[in-house]
Each structure stands twice: as C-alpha cells, then as structure tokens.
Amino acid sequence: MSPAPVRRAARGTDPLAYRITPSDPHAHLFSVVLTIAEPAPDGQRLALPAWIPGSYMIREFARHVVALTARDSRGAVRVAKLDKHTWRVAPTTGPLRVEYTVYAWDLSVRAAHLDATHGFLNPTSVCLRVLGQESRPCTVDLEPPPASVARGWRVATTLPEAGARRGGFGRYRAVDYDALADHPIEMGTFELARFEAAGALHEIAVTGRTDVDLERLTRDLAPVCAAQAALFEPRTRRAPFARYLFLTTAVGEGYGGLEHRDSTALLCGRNDLPWRGMTTATEGYRTFLGLASHEYFHAWLVKRIRPAAFVPYDLDREAYTRLLWIFEGFTSYYDDLMLARAGVLPHADYLKALARTISTVQRGPGRAVQSVADSSFDAWIKYYRQDENSPNAIVSYYAKGALVALAIDLAVRARTRGRASLDDAMRLLWQRHGRGSGGRSPSPPGLPEDGFGSLLHEATGVRLDASLARWVDGTSELPLARLFAPLGIALTFAPADRSPSLGVRVATRGAELTIATAYAGGAAQRAGLSAGDQLVAVDGLRVDEKSLKTLLSRRRPGDVVEIHAFRRDELLRVEATLDAPARSEATLQPDPKDNALRRGWLGTRSGAAPAARVRSGARARPSRARAAGA
Ligand code: ZN
C-alpha cells in the first residue's frame, strides 16, 4: 500500500497519536496511550495485526494485550471484544483515549521484548490499528523507562523524527499505519556505527554483551550495500532510501532477520559478530554477513517490489501468494552472490556455500513431493509450522527458490553468451514494480501471480516458460550440472560418508536417542520405525549417537540389523535392511581455464579482490559511538 500524503485534522493536531512507555521492564510491560481525534461515530473498532509482513505465520499479537480501557471527555467508555484481535469502543463524542498494556517477552525479530537491559518492539505488536483510519498519519511519542533502569538508554529507529529529544526519546511520525508498522524500534544502551554507501547513511546498532568490531563490520557491509544498489540502479548506483538501519541483537545462540523498507531487525549469536582482534572471517561471521545482505536485498525485493497479493497487506488474515520462491528464493540467491561480487566472500568460499545449498535441497525427500509454488502458497501452515514429517513433505522456497534463480541465471547467460542474465530481470522488476514505491505519485503495481515468465522474456530475450513450469510448478530435479557446464564448473554428487543408511535423522534428549525424522522410503520406515521412537539397541548393543554411527560404518548396504526401540512405553523389535548412502553431497569444481561466462556471473576477474567500480560506489566512513551515560 502506498503511504497517503500527510493530512492534518481540522484542529491542526494529528488524528492519531500513540504514546509508548516501557513502564515496567521487570514485568515486561509497555504502556500505550492511543488518542483518536475523530473516532467513528457508530463506535470505533481497534485491532492488532494477526501477522507481521515478512514472517508468514498467523501469530495473533493481540494475545499479549493485557488490559484495555477507553475514555472520552465525559469519562469511561464501554469496550467490547468482537473477535480474537478486534475491539469496539461504544459510540462517543469528541476525542477518544484508549489505554492498554502489552506483554513483551518474545526475544525474536517479529514481536516485542522488554526488560531492564533493553526494549525492542515492532509496532505490529504494540500499536493498535484504528480501523477505517489506517491511511491517516499518526505521531508516536517514545517515553524513557523508569529512572531506575534508564541509565544511558537511547533510541534507534528509522521512524521519521518530529521532535525527538536527547537520546532519541520524543516524537516521531508515520504517514499511515503501514508505514508505522514497518519501523521497528530499539531502546537501550546499544553500540552504534555509521557509514555511507549508495548515497545513503547506514547505521548499525548492536544490542547485547559483545566485543563487536564495528569498524570491521562497516568495512565489510559498505561494499555489499553499494553492490546491491548498483545492481538495481546501475546508472545512479543509489539506494531508494536516504537512511538505513541494521538493528542487531546478539544473544548466546540465535539466528533470524526480518526485512523492512528502511531497516532490518537481526538476531545473531554473539560469536558470529566480528570481534576486536579477529584476523580471519569465521563461518559464523560469513553467515551473519549473508543474513545482513539478505535482509538488505529485501529493501528492493518484497518491500518495494511486492507480489500483487501483498498490495495492500491484509493484516487480518493470511495473504496467499505462490511467488515466495521469487521474493525469498531470489533474495536467498543474491544474498551470498552479492558478498562474492562485492569481494567480501572469496569465490571459492562462495562456490562451497552454493554447494551446501544444493546439498540441503538434495537431502530432502520433500523436493519430490511439493513444488516451490505450492510451498510458497502453504508457507503459513507448512514451512512456518514444521514437524517431524516436514523433510518428507515440503521443500523450502528459500533453498530451492535460490536454486531456481541460479538455474534461470545460468540458462539466460548461456543462451545469450553472457549478454543478459537474471540481473536484467531484477532491474526490469524494479523499474516496473518497485521504483517510486512509497513516493508521492501512486505506487507501482505488484507483480501478478503469473507475471514473471513474460517479464523475464522481455528483460533478457529468453523464453523459459516450459522450464519454469517444471522447475517452479513441478518437482523434477533441476538440471544444474548441465547448466554449470558452459561456465567451466563441474557439479558432482557423492555420499556424505560411506556408511550404509538407516534413513533417519536422530536427536539425543538426555540419555535417550530418538528418531527425529524417519525419511520417506528409508530403511527405518520400511522396517516400521517412526519419528519419536526411542532407539534402545542395534544388534543387541545399546546405542547412542556415536556408537550408532560406528556400528553403521561397519555394515554394508543390504545388511540386516536388529533394532530394539521404545514407542511410548512399548518395546518393539524390528529388522531393517540398510540402504546404500544417498549421493546428496554436492561439490562445485571450477576448471582452471579462464571462462568469460563465469567472470560475468561472479562479477570480478580475479575472484579475490573486489571490482574497482564496485568499491568506488562505497564510501565507507565507519565511525564509532558508544552509548553515553545519562
Ligand atoms: Zn527473506
């Protein structure tokens, strides 16, 4: 939905005003006062969203509203609950004041969290929608927490300021509810660094106990940001925003990110951040850079270029699209590729990461059952609600979507001898469905459900409709080995290890070894074993994870093993015939000869140093600012 132009109510005040106070950090409660200048005369309805864009699951944020009351100039007004997330205030005259508290104890990027160390909130968890007035502008007053915990707290958000005081507490403004919902807010004693890239100010706020090396982080992120802006806007090389914020929360262990138009909320393990004195990039840091790159790419793809089904977002219920293989899959393809093209990820490491994605898809029997289009549509009940049978029943529109993007890219490059690529389709997507979104003129239309094939043809001159039908709507294997050949890269598959396969994924809980997944058609399933069964003994010997591995390594495909297992409290005895190990581990091996297609794909000649023109787009000027005591 395009933000409506700022309109003021007749009296010169904003029609909707939120005041948010982290009033009781120990009880994890935000207090909110919502003032509505012109409530609906027949009774104002209020609602919290059922989901947050970017995370395709019904979460029913209203379940964390603890208490809600309303009053007008004459006193208390009756409030009735209409359904799980909608309230209706009895008809009133004049401005309405709604007061409520929200329990915030979800340390994820999707909801809200508050304790004495920091506060984080998505407005979708905290700010009620005033139904019928969602297109009106609003103000948000952010109040500091009680003085006992407020030492050094300040605010990080990309909400436009409208009179913020010291430390960022104070007044902000949003042009409508969609805009408000798209700006997460962090408050606390985070560390902050700034850099310029792609014509925009970039900020990184890091919350949590870390010894993060912010200089290193800004030095690595700046060329990635510049490369992404240059992909979509090769002429101006400018980002579609003036300011961008990476809101990062570091915890012991965690991983997640949620995209917004001008910011992203990231959750990571503290050891995945670069530390002062780190010399070589760790695998965890590479993963973190991939996550940051992924969410940043979403600033174009899915936040500005949207599926038509998301224009506007229906926040009351599931918004169905069969296109998440584009919006998440292509983003997953470009996240690491942009690290490689920016020179942050050596090409050899990029090919290893890509081979891991290929292996991940190859290991899942669900790839032969569900298409990526179906996976997109059912994200709400399948990808986001996985269980023990998910590997057998679903395919990830992230991982396989990334491989579909790869297949399209390689096919177009080969057919046009490198003159066109998926990059051209991204630029046309941007010109037709993204550029100008959120500005003063009407927003561009979203991508229709059946719109990609013809757009790809128009952008590249290559028609892949028949292939797309197989790759996207079908479940046949992607012909990646054939598509890699013209780039001088050999794709081969081998078993992960030489042991025969029992066809299970196991998990250790306490002293118990349990089957987490019995793979479809695997040895264990054929023998009658199931997810949840506790493995007790194999061939008469008690097993744990290590001894089971050792035992299997000394058997051969076709051997029969005797297994004792508990299902609930009942002992089972079965005989399983072991299978040959699956050849699911992919390797990508480039030949030593120079290859123009490969150079065009990875973006640099040497594969080690970043392309000069990419580097020149980034003017990294890292600065460091610690939260000051107050
Ligand atoms: Zn994503």
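**Zinc site.** I began at the metal: the zinc ion is coordinated by His294 (NE2), His298 (NE2) and Glu328 (OE), at 2.0 to 2.1 Å. I keep in mind that this is a predicted model. Water is not among the atoms, so the site may look incomplete. Reading along the chain, I find the donors in the spacing H-x3-H-x29-E.

Where do His294 and His298 lie? I find both in helix H4, 4 residues apart, which is about one turn of the helix.

**Helix H6.** Next I turned to helix H6, which covers residues 329-341. I get 18 Å from its first C-alpha to its last over 13 residues, close to the 18 Å expected at 1.5 Å a residue. How many residues of H6 are buried? The count is 13 of the 13, so H6 is largely enclosed by the rest of the structure.

Val344 sits in the loop between H6 and H7.

**Largest pocket.** My next entry is the largest pocket, with a volume of about 1,500 Å³. I list 49 lining residues, and those nearest its centre are Tyr255, Tyr383, Ser396, Tyr398 and Ala399. Which element gives the largest share of the lining? That is H7, with 8 residues. At least two lining residues each come from strand S20 (255-259), H4, H6, helix H7 (347-363), helix H9 (390-393) and helix H10 (399-415). So H4, the helix that holds His294 and His298, is also among the elements that supply the lining.

I sorted the lining by class and got 19 nonpolar, 16 polar and 14 charged residues. Why does the pocket lie between domain 1 and domain 2? Domain 1 (16-189) and domain 2 (197-491) both give residues to its lining, so the pocket lies between them.

- I found a cis peptide bond joining Val311 and Pro312, with omega at about -5°. Pro312 is placed in the loop between helix H4 (283-298) and helix H5 (324-327).
- I noted a positive phi near 60° for His28, a residue other than glycine. His28 belongs to the loop between strand S1 (16-24) and strand S2 (29-36). Is His28 buried or exposed? I get a relative accessible area of 12%, so His28 is buried.
- I noted another positive phi, near 50°, for Glu60. Glu60 is in the loop between strand S3 (45-47) and strand S4 (65-72). At 29% relative accessible area, Glu60 is partly exposed.

Terms used
Residues are numbered from 1 along each chain as its sequence is written. This is a predicted model: local features need pLDDT of at least 70, side-chain atom pairs count only at pLDDT 80 or more; totals for chains, interfaces and linings use all residues. Side-chain values use heavy atoms; hydrogens and water are left out. Buried means under 20% relative accessible area, exposed over 50%, partly exposed in between (1.4 Å probe, protein chains only). Donors are N, O and S atoms within 2.8 Å of the metal (3.2 Å for Na, K and Ca); water is not among the atoms, so sites may look incomplete. The expected span of a helix is 1.5 Å times one less than its number of residues. On a 1 Å grid over the protein atoms alone, a cavity is a set of points where a 1.4 Å probe fits but cannot get out, and a pocket is an open set with protein on both sides within 12 Å along at least five of seven lines; lining residues have an atom within 4 Å of a point. Grid points are joined across faces, edges and corners, and a volume is the space filled by probe spheres set on the points. Ala, Val, Leu, Ile, Met, Phe, Trp, Tyr, Cys and Pro count as nonpolar, Asp, Glu, Lys and Arg as charged, and the others, Gly among them, as polar. Domain bounds come from an automatic or database domain assignment.
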